[in-house]
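Hi everyone, thanks for coming.

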Amino acid sequence: MNPLPEDMLSIEDARRAILERITPVGAHECVQVRDALGRVLAKDVIAPCNVPAHDNSAMDGYAVRFDDLPSAGEARLNVVGTAFAGQPFSGQIGPGQAVRIMTGAPIPAGADTVLAQETTRSEERSVFVGGGHRRGQNLRRAGEDLAVDGVALPAGKRCGPAELGLIASLGIAEVTVHRRLRVAFFSTGDELASIGHPLAPGQIYDSNRYTLYGALTRLGCELLDMGVIPDEPAKIEAAFRAAADNADVILTSGGVSVGEADFIRELVNRLGEVSFWQIAIKPGRPMAFGRVGNAWMFGLPGNPVAVMVTFHAFVRDALLALQGIAPLPPAPSFDAVCGVDLRKRPGRREYVRARFEWRDGAPHVAPVGSQGSGVLKSMSEANCFIVLAHQCDGVSAGERVAVQPFEGLM
């Protein structure tokens, strides 16, 4: 059994080294609200008005003066009108009066309390109310959600459906966002063929570009797919130069190991710099991070599962940070009962493709399929990783292990 290299970075040190160096792209643009979906705010969204704009009713019922309500027994109030959300009551409530009010309708002048209709009984133009109410109950105050001139959404917030609705609720038609991150990506290797072309002897189809296309598209990046580059230093160098001239980030797969045809590290060191290239992770130990021209470079391994693991362990959060998104909390995880023995060498963190399910009120997990780093089928069958810690030396069936679900990650 070969010992693990002593100069490998831990995952935490590698992530820290990446995130400490990168800063968001500087260019901004103004877009319509509907076009802001998935985009990252470059400036705070400031509320130009109160939300809600006026005191209003939180439910259907009756707007009344609290001083007219009995402390005990029952009181009769005269119903003098009705208030709708779009048709407020224009008069003023006097002593002994009430206004029938609907959810969202402005509170009539003179009223300070809303009675839920199920706590009352009505009879013609009268409503009968008992005691036990609180002054100001069932009211939504003007500015309760957002006060005028307050920060409705901070810079660095990625806009989802809720954010679009919030912006629209303020009457704002356009927002300032970071421009889309430009990412160039290509695969390297004489053994790779593009889909739609027949395989030559010894070739396989390139899947990594399609995996990366899916991951990058979900992050809202602007993509430059440069295809498959053969194992020829001049062609790989030309691809790096073209990518650096046109993109903020370069992603490659393959060519970062120590084989005779692995040229990525040497080329990047000549064209720019490589900050590190060996990480204590399985799958995915050989991964380069550095810079070519003005573009950040991530050299991912060639094996398909290692590409997915390293992308989500390192590249995803780096791309989000480059887009201007505020630092994210660690990916969610929980403990589950492991169904089988798992072997492991200390000295690296391992990600085991697995499925978890709930049985007898507790989560249980077990590996799925082959764990070879070139086997994508097991990634499709899995719904989580079992994460084995750096110094873990194996797990026995029945022990609890850390589980990182794919939902929200993949």
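Quick housekeeping. This is a predicted model, where local features need pLDDT of at least 70 and side-chain atom pairs count only at pLDDT 80 or more, while totals for chains, interfaces and linings use all residues. Residues are numbered from 1 along each chain as its sequence is written, and side-chain values use heavy atoms, with hydrogens and water left out.

Now, the aromatics. Rings of Phe, Tyr and Trp (its six-membered ring) pair if their centres lie within 6.5 Å; planes under 30 degrees apart are stacked, over 60 edge-to-face, and the rest tilted. How many aromatic pairs does that rule give? The count is 6. One of them is Phe186 with Phe240, edge-to-face, at 5.5 Å centre to centre and 75° between the planes. Phe186 sits in strand E13 (residues 182-188) and Phe240 in helix H4 (residues 233-246), so this pair ties together parts 54 residues apart in sequence. Those helices (H or I, at least four residues) and strands (E, at least two) are DSSP runs, numbered from the N terminus.

Are Phe186 and Phe240 buried or exposed? Both are buried, meaning under 20% relative accessible area; exposed is over 50%, and partly exposed is in between (1.4 Å probe, protein chains only).

Next, Phe289 and Phe298: their ring centres are 5.2 Å apart and their planes at 40°, so we call the pair tilted. Phe289 and Phe298 are buried too, and together with Trp296 they form one aromatic cluster.

We also have charges over rings, which takes NZ of Lys or CZ of Arg within 6 Å of the ring centre and within 35 degrees of the ring normal. Arg100 lies over the face of Tyr62, 5.3 Å from the ring centre, and Arg121 does that with Phe128 at 4.2 Å.

Last stop: Ala200, in the loop between strand E14 (192-193) and strand E15 (204-205). Ala200 is partly exposed, with a relative accessible area of 36%. Now find Ala168, 32 residues from Ala200 along the chain: their C-alpha atoms are separated by 55 Å.

That's my tour, thanks!
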